[in-house]
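This briefing concerns a predicted model. It takes up strand pairing and then the contacts between charged side chains.

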Amino acid sequence: MKLTVNGETHEVDVEEDMPLLWVLRDELGITGPKYGCGLARCGSCTVHIDGLAVRSCSIRAGQVNGDVTTIEALGAPDALHAVQEAWIETQVAQCGYCQSGQIMSAAAFLTINPDPSDEEIDHAMSANLCRCGTYPRIRKAVRLAAAKLKEA
């Protein structure tokens, strides 16, 4: 089957019921999306499919209809996405394991709600778990990213 990931089309020889996460990590060597719970409950595997946040551990490769974007292609090293910039500026990460999923969820959220309240941020990000408890910094980073996106 063909999958377009980070702007590049790949022909992959996998079973259609293989989770997208394993296609990305094991077949394509894209390791930004992390395996967390395997049940779509922690969000560490979050990627975008046509701009929408999706848990790659729970969607099957054969179900993917659209372009997949991982953290590796959200921004570029010399042109980070506003969410990535905000994450660095607010020093969100501690252990870092959940961060790619957090950032992907935040980026997708801000495309549908560019001016969120703190409550909306908390609600939107509540499906991404952080065992380090960096939630106040995540909220601050999402607010900063929203401001950066308005300026752009």
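Strand β1 (residues 2-5) and strand β2 (residues 8-11) run antiparallel and are joined by 4 bridges. Elsewhere in the predicted model, the count of salt bridges comes to 5, and those described below include pairs that involve helix α5.

**The β1–β2 hairpin**

- The two strands, β1 and β2, form a hairpin with 2 residues between them, and Asn6 in the turn has a positive phi of about 55°.
- Val5 stands opposite Glu8, a residue of β2.

**Salt bridges of Lys148**

- Lys148 forms a salt bridge with Glu85, in which the closest N and O atoms are 3.4 Å apart.
- Because Lys148 lies in helix α5 (residues 135-151) and Glu85 in helix α2 (residues 82-89), this pair ties together parts that are 63 residues apart in sequence.
- Lys148 also forms a salt bridge with Glu89, with the closest N and O atoms 2.8 Å apart; Glu89 lies in helix α2 and Lys148 in helix α5, so the pair ties together parts that are 59 residues apart in sequence.
- Glu85 counts as partly exposed at 30% relative accessibility, and Glu89 is partly exposed with a relative accessible area of 49%.

**The Arg139–Asp122 pair**

- Arg139 forms a salt bridge with Asp122, the closest N and O atoms being 2.8 Å apart.
- Arg139 lies in helix α5 and Asp122 in helix α4 (residues 118-125), so the pair ties together parts that are 17 residues apart in sequence.
- Arg139, at 23% relative accessibility, counts as partly exposed, and Asp122 is partly exposed with a relative accessible area of 35%.

Notes
Residues numbered from 1 in each chain as written. Predicted model: local features only at pLDDT ≥ 70, side-chain atom pairs only at ≥ 80, totals over all residues. Heavy atoms only, no water. Pairing = 2+ DSSP bridges. Salt bridge = Lys/Arg side-chain N within 4 Å of Asp/Glu carboxyl O. Buried < 20%, exposed > 50% of the residue type's maximum accessible area, 1.4 Å probe, protein only.
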